[in-house]
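Please look first at the sequence and the three-dimensional structure shown below. The paragraphs that follow lead through them step by step.

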Amino acid sequence: MMNDAKPNKFTYPTLLKACGDGGIVAEGKQVHCHVVKLGFAGDGHVKSAGIRMYGYFGMAADARKMLDDEDDDDAVCWNAMIDGYFRCGDVGKALEVFNTMQSERIRPGKFVLTSVLAACAHLGALDHGRWVHAYVRRKKKSIVMDAVLGTALLDMYAKCGRLDMAWEVFESMKEKEVFSWNAMIKGLAMHGRADDAVELFFEMQRRKFRPNGITFIGVLNACAHSGAVEQALKLFDSMENVYNIEPEVEHYGCLVDCLGRSGRLEEAEELVNSMPIEPNPAVYGSLLGACRIHGNAELGERIGRLLLELEPNNSGRYALLSNIYAKAERWDDVAEVRKLMKERGVKTNPGSSMIELGGCVHEFKMGEGCHPKMKEIYSTLKVMIERLEMEGYVPNTSQVLFNIEEEEKETALQYHSEKLAIAFGFISTKPGETIRVVKNLRVCDDCHSAIKLISRVYGREIVLRDRVRYHHFRDGTCSCKDFW
DNA sequence: GTAGGGTTAG
C-alpha cells in the first residue's frame, strides 16, 4: 500500500505548532480549516496546538473560539488560552480564564500555574499570586516546584513589590537555572538594589552558573538606575573579554542609559555614534531621556527630531521632545511638536494605574470618572493635596504641557492616575496598611514629590511600580533616592 | 505506537 504518508490526526499538532512558531498566519488558518473538515478539531492535542497558534498570532478571539467550540478540553488547552490572552496583552482575561477553568473542575498543574504567575507578575496582582503560592504549597505532593515554576513565583513576588518574598522563594528553590538567577538579579535591579544585584551576579558564578546576555541586561540595568557608571563600564567590557558574549543592541542601550542618566551625555552620544551595530530607536530613546533629565535642549532637539522620523507613531517620543523644549522655555517649539503630532494623527498613550484590593484589580485612568466611588476619590484627593500644600508642597504642573517622557496633562482637578489609585487605596484600607500601585508609564516629578510627602504626612508606606522600576515611599523619602 | 504545555529580557 502507498497510503502510509497520508496525514492523520497525529500530523496536525506539529503542523499547527510550526505555523504558530513561524508566524505564518495564512497557512495556519488553512491548516485549521483542514482539521475542522477532517473532524479532528475536537482532539485535545490538535485543539491545544491550534489555540496556542492563534495566541502566537495575536488572535485571541480565534483562539477562544477554538476553546469554546468543542468541549473536549484539558489543562493543556486552558493553558494555551491563558498564555494566549497574555500574549495578546489582555492579562485580565488571562486571569479570568483561569477562574473559568477551575469552575469547570479542571485542576491546574505546574504549567498552568506558571502561566498564571506570569500574568500576575505583569498585572501586579499580588493577592492572586499569593493564592497560587498557597495552592502550590497545599498540593506539594502532586505539584513539584521545579526551576521554571519557582522562577515564575519569585518573579511574581519581585514584580508585585515583595522583594523579601522573592528572595525567600529564590533561596528555598532546590532547582535553579540561569534564568532563575536572572529573574532574581533583575528583581533586585528593579528595586534599586544595584549592589546586591551585582553581588548576586558574582555569587551565581561561584555556584558554577554561567551568566548569559540576559544576565547582563539585568546588572547593567541595575547600574543605570543607581548611577554606578564605572561598574557598568567594567561589566560591559567584561562581556566580550571575560565571558565571550557579544554585546547586543540592548546592552549598548543599557550603557547609553547609564552614561546619560549620570549626566555624561557626551560619552553617551559618542557611544551611540561609535557602536559597531546599528542603534535602534530604544538606544536613541535612552539618550533623549537623558537630555530631558539634564536639560540639554541642543542634543535633545537633534535626537528628538531623528526619533520622530524613525518612529512617527510613538507618542512618547513627541512628549519627551516637547518636554525638553518646555524645560528650555521654547514655547513655539513645544506648540510645533504638538501640532506635528496632531497632523500625523498620533494618539497619546493614556496613563493608567492599578491597585488590587480584596482580590479585585481596580484600574484608574486620568480624567476618567467611571469608578463607582469616583466622587469620593476626588474629594479625598482634594483634601490630601490641601494638606500637602500646608506642608510646603507646590504642584508642579505649570511648566510642562506633557509630563515626563509621557503624555499626560494635568489641570487642577485632573489628577494623574497614580494619585487616583492612591486616594482609592486610602479610603479602602486600614490606617498604616501599605498601599501598592502599578503604573503603565513612568512616574512624573510632581507625583513623585507628592507621594513622598504623603508617605510622611499620613505615615503610610506606598509602593509604586512604574514602567521600569519600583519606588518605595516611606517617611518622606523614596528608595530610588530621586534618581530614576 | 506516533502529537499539544510553563520561566528570565525586549
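**Domains, a DNA strand and a pocket**

Chain A is divided into domain 1 (248-347) and domain 2 (352-478), with bounds that come from an automatic or database domain assignment. The C-alpha centres of domain 1 and domain 2 lie 27 Å apart. This is a predicted model, in which local features need pLDDT of at least 70, side-chain atom pairs count only at pLDDT 80 or more, and totals for chains, interfaces and linings use all residues. Residues are numbered from 1 along each chain as its sequence is written, chains are lettered from A and ligands numbered from 1 in the order in which they are written, and side-chain values use heavy atoms, with hydrogens and water left out.

Consider next DNA strand B. A residue is near the strand if one of its heavy atoms lies within 4 Å of it. Of the 32 residues around DNA strand B, those that come nearest are Lys-17, His-45, Ser-48, Asp-74 and Phe-179. Of the atoms of DNA strand B that come within 4 Å of the protein, 36% belong to sugar and phosphate.

Individual polar contacts (pairs of N or O atoms within 3.5 Å) can also be located. A polar backbone atom of Phe-10 is 3.4 Å from a sugar or linking oxygen of DNA strand B. The elements that give two or more residues to the surface near DNA strand B are H1, H3, H5, H7, H9, helix H11 (178-190) and helix H13 (213-224); helices are DSSP runs (H or I, at least four residues), numbered from the N terminus.

Which residues lie closest to the centre of the second largest pocket? This pocket has a volume of about 700 Å³, the volume being the space filled by probe spheres set on the grid points. A pocket is an open set of points on a 1 Å grid over the protein atoms alone, where a 1.4 Å probe fits, with protein on both sides within 12 Å along at least five of seven lines; lining residues have an atom within 4 Å of a point. Of its 31 lining residues, Asn-79, Asp-83, Phe-111, Thr-114 and Ser-115 are the closest to the centre. H7 provides the largest share of the lining, 8 residues.

Technical notes: Polar contact = N/O pair within 3.5 Å; in protein donor to acceptor, adjacent residues only side chain to side chain.
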